[in-house]
Amino acid sequence: MTTPEVKLSSADRVLFPEDGITKGDLFAYYERVAPVLVPHLRDRPFTMKRFREGIAAPAFFQKQAPKGIPAWIETRRFTTHPREGGAREVDFPLVNSPEAVLWMVQMHCIDLNAWYSRVDKPASPDYVVFDLDPPDDPGGFALAIEVAHLLRELLDELGLPGYVKTSGADGIHILAPIERRSTFEDTYAFAEAASRLLEARHPGKLTTEWLKKKRTGVLVDHRQNGWGKTIASVYSVRPKPGAPVSTPLHWDELTPEVRPRDFTMEGRARAGGEAR
């Protein structure tokens, strides 16, 4: 099937009002980095998070592929279980080409959110996710960096690789790739056990406590491992002032001076979105 050119409309619409960044700017950025971004999205059910009025207005989530989606964007149907109960059949879009990325931008998606598993084995995740949420204080992110390195050391003990990226918002994501033989229940249990072990080894530096008022240190959130959970892809622009990008780093680049807003859409575009 021929993939047509994606036409951009409302290119001058300002999506980041504090920075003057427009839909056209976002489109140009994703056009530049799409070749290295698509492999991270390929064959993963995709959830559309749409910002029709930019980041100053609420976004809305859309799992069901919208009417009028191009025929060249594939979809796959899966059963979901909404919070209000029951079950629902949803046709998820697959972002398998640079053109599909650009179509999502045309639909006002700023960050690109996909499942941890692929359509051929939807119940078997490709990786375990550790989501590090630093405390709200001046040294919070530096502490999150320290905790990230402690988690890497634990993964090394277990013989698992760990890859780190800034979330692009306020935290750090660590992904530990695994063979696709485990269930989401398995990865949840593993992430919980690993997080609680680190919590016991390093009291005060990190916590698994969900209630913010009871936390001390960095939250290592194992709860992000579950069926249908999504994560913002590498090189995703996040809907925050300054247009920060979720950026993969080598471990030796994750130094105490790093801050999540060091990596912006403008900077990544200049760098060409090189793969890590």
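**Notebook: contacts, cores and salt bridges in a predicted model**

I began with serine 9, which, once neighbours within four places in sequence are set aside, is in contact with Lys23 and Gln106; contact here means heavy atoms within 4.5 Å. I noted that the model is predicted, so that local features need pLDDT of at least 70 and side-chain atom pairs count only at pLDDT 80 or more, while totals for chains, interfaces and linings use all residues. Residues are numbered from 1 along each chain as its sequence is written, and side-chain values use heavy atoms, with hydrogens and water left out.

**Serine 9**

I located serine 9 in the segment before E1; helices (H or I, at least four residues) and strands (E, at least two) are DSSP runs, numbered from the N terminus. Serine 9 has a relative accessible area of 33% and is therefore partly exposed. The cut-offs are under 20% relative accessible area for buried, over 50% for exposed, and partly exposed in between (1.4 Å probe, protein chains only).

**Overall form**

I recorded 5 helices and 14 strands for the protein. Its radius of gyration is 19 Å, close to the 19 Å from the globule rule for 276 residues, so the protein is as compact as a globular protein of that length. That radius is taken over C-alpha atoms, and the rule is 2.2 Å times the number of residues to the power 0.38. Along the principal axes, the C-alpha atoms fill a box of roughly 55 × 40 × 35 Å. Of the 276 residues, 51% are buried. Among contacts with a separation of 6 or more, 68% are between residues 24 or more positions apart.

**Nonpolar cores**

I next asked which residues touch the most other members of the largest nonpolar core. They are Tyr30, Trp103, Leu112 and Val237, in a core of 37 residues. Such a core is a set of buried Ala, Val, Leu, Ile, Met, Phe, Trp, Tyr and Cys residues joined through side-chain atoms within 4.5 Å. Two or more residues of this core come from each of strand E1 (14-16), helix H1 (23-41), strand E3 (46-50) and helix H2 (98-106). H1 supplies the largest share, 8 residues. I found a second, separate core of 28 residues, whose members include Leu154, Leu155, Ala176 and Ala194. In soluble globular proteins, nonpolar side chains tend to be buried together.

**Helix H2**

I then examined H2, where 7 of the 9 residues are buried, so the helix is largely enclosed by the rest of the structure. The buried residues are Ala100, Val101, Leu102, Trp103, Met104, Val105 and Gln106, and they pack against H1, E3 and strand E6 (88-93). For tryptophan 103, leaving out neighbours within four places in sequence, I listed contacts with Val6, Met48, Pro66, Gly68, Ile69, Pro70, Trp72 and Ile73. Just after H2, histidine 108 takes a positive phi of about 70°.

**Salt bridges**

I noted 16 salt bridges in the structure, each being a side-chain nitrogen of Lys or Arg within 4 Å of a carboxyl oxygen of Asp or Glu. Glutamate 74 and arginine 76 form one of these, at 3.2 Å, N to O. Both ends are partly exposed, glutamate 74 at 40% relative accessibility and arginine 76 at 34%.

**Aspartate 221**

My last entry concerns aspartate 221, in strand E12 (residues 218-221). With a relative accessible area of 4%, aspartate 221 is buried. Aspartate 221 forms a salt bridge with arginine 223, the closest N and O atoms being 3.7 Å apart, and arginine 223 is partly exposed at 24%. The backbone nitrogen of arginine 223 also lies 2.9 Å from a polar atom of the aspartate 221 side chain. Beyond neighbours within four places in sequence, I listed Val129, Phe130, Asp131 and Trp210 as contacts of aspartate 221.

Terms used:
A polar contact is a pair of N or O atoms within 3.5 Å; within protein, one must be able to donate a hydrogen and the other to accept it, and residues adjacent in sequence count only if both atoms are side-chain atoms.
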